[in-house]
There are 2 protein chains.
Amino acid sequence: MEQVSFPPLSRVAICGGTHGNEMTGVYVVREMKKKKVDKVGCVSVMTVLSNPEAVNVCRRYMETDLNRCFPDALLSAPLTASSPHEMKRAHELNALLGPKGSPQAVNLLCDIHNTTANMGICFIFYRFDWIALHLFKYVQSKTSFGPVRAIQFDTPLSEAYSLESVAKHGFALEVGPQPTGVVRADIYNMVTETLDLIMEWLEQFNSGSVFEGGEVEAFRKTQSLDYPRDPTTDEITAAIHPQLQDKDFKLLRAGDPIFWPFTGEAVKYEGEEAYPFFVNECAYYEKKVAFHLARKISISLPSISVKKN
Amino acid sequence: MEQVSFPPLSRVAICGGTHGNEMTGVYVVREMKKKKVDKVGCVSVMTVLSNPEAVNVCRRYMETDLNRCFPDALLSAPLTASSPHEMKRAHELNALLGPKGSPQAVNLLCDIHNTTANMGICFIFYRFDWIALHLFKYVQSKTSFGPVRAIQFDTPLSEAYSLESVAKHGFALEVGPQPTGVVRADIYNMVTETLDLIMEWLEQFNSGSVFEGGEVEAFRKTQSLDYPRDPTTDEITAAIHPQLQDKDFKLLRAGDPIFWPFTGEAVKYEGEEAYPFFVNECAYYEKKVAFHLARKISISLPSISVKKN
């Protein structure tokens, strides 16, 4: 197994409130700010409330989804007076935490999100990233709570649209189930424990520890399924079937019921075996899909260590 | 035990979307409209989407809480161009379903709400109402699902601020846990089964059946507890304690932990034994309380029947 080395990870950003009604990150960041957390060991920590205006009104966003504003094409386009609030904020965040792809970008960015789906705690990656995957492996092996999972979306960095893409390394921490606008102590505790483990790992990494490689299991997104809709009005005509509701990451087989129409018979799954996630993670008005499907993949991690000067 | 008779209950309104992000009522009403339900037996049924503008943007309300717009003082005050959207809508609904306190008002109004709290299905009353309490007793004895509860708030009819107060008889059907913006099939099914039982009871009542009285148990609200807050910023400084989260209607005793501060020690309950409800039913931005407390009461229902002409 190869060994890979990286420069020290000296600047870290912890972000919350990228979606203004996902409350765990909002409260975690507020509490870190109150405690004036700006350094853990030799790691400098920035805490960022990504979209304070949306947080103030407890909405996902004001004009457009901030977490879709970070592809290169949007960050390089000039702002105008009529640019949406979130596009302006994306430029500010890119200046503060990036610029994306530049040597000045923070070393690691963790963006805290919540979902109403029964997903537990998930690291979401948009690219293979040995640092982020080692952090996932470490957290997975150390937490006091249930399964910790990793989900990989395949997106080239230039097209990556989410906040963490401005950093050199990064991931979204997606935690649920939690309704929007609500703080649950159990979810809050899972996140703070995870952040403590991340800081612990960073200190060990920066001080020269070698982290052994090995296989980690992740879920790679393969497709998305939309709700059944009325072809003329586009209105949703079925709920998630009770047998699928809350069954994120439970194997789905052909013939299993997936939709429960308000009138008529259950809709069954027709496809290859797959793992559903973000099941019914629905702001219905967002025209979100009903759920995503993934297959399990195994990733061979190299050993990693800090690059000596 | 006395026997009471009432005129036939010939006009019924089923309302949803009074809060635009509580989705069960929105979908129940939409489906009833699609099926053109306007009569069940000899009962005429109106289906009303109370706040379509708020439903369209999946928010609780646009300018002010519609379900606080129905006290006499507000309904009798003249509208102006600058009246909030919901106040204008309240006047429309009062004209359609009331006027409140008049002989023209619909006989029965059921307003469907959701909560993120683990409350199951609850009938909420703002006054003693033999019709509504008999409906509760009937539904409670017939449903295929878990406990059905009744909650009583003490409010004189003239001050009653909620939509159902415009009808001669009425109640809110409060069902959870369900995140805002989400439809769960299990919750949807509980509500449609409840509505079917209500229609069944109304047909029997109107056709001359006598419903025996007896004791029913209800919860009467005694007080509300707010979250601990920062005295200068008013920000919430504690979550609901994990031991209280999801424990709606479980007896709370002095010394039980109720709040879990983000820093510091658990806050314990100091007070008489009581039953918490609406626990963490929090749109945090709404400045809602953390939970309400109730005591159990026993209500002696008279037998009831339809008044013969």
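**Reading a helix and an interface**

Biologist: What covers the buried residues of α1(B)?

Modeller: Buried means under 20% relative accessible area, with exposed over 50% and partly exposed in between (1.4 Å probe, protein chains only). Here the cover includes β2 (11–16), β4 (43–49), α2 (52–56), β5 (108–114) and α6 (185–206) of chain B, counting contact as heavy atoms within 4.5 Å. Helices (H or I, at least four residues) and strands (E, at least two) are DSSP runs, numbered from the N terminus. This is a predicted model: local features need pLDDT of at least 70, side-chain atom pairs count only at pLDDT 80 or more, and totals for chains, interfaces and linings use all residues. Residues are numbered from 1 along each chain as its sequence is written, chains are lettered from A and ligands numbered from 1 in the order in which they are written, and side-chain values use heavy atoms, leaving out hydrogens and water.

Biologist: How many residues of α1(B) are buried?

Modeller: Ten of its twelve, among them B:M23, B:Y27 and B:M32. Just after α1(B), B:K36 has a positive phi of about 55°.

Biologist: How is the size of an interface given?

Modeller: Often as the accessible area lost when the parts come together. Buried area uses a 1.4 Å probe and is summed over both parts. Between chain A and chain B it is about 3100 Å², with 59% from carbon and sulfur atoms.

Biologist: Which residue forms a salt bridge with A:R184?

Modeller: A salt bridge puts a side-chain nitrogen of Lys or Arg within 4 Å of a carboxyl oxygen of Asp or Glu. The partner is B:D246, with the closest N and O atoms 2.8 Å apart.

Conventions
Buried area is the accessible area (1.4 Å probe) that two parts lose on being put together, summed over both.
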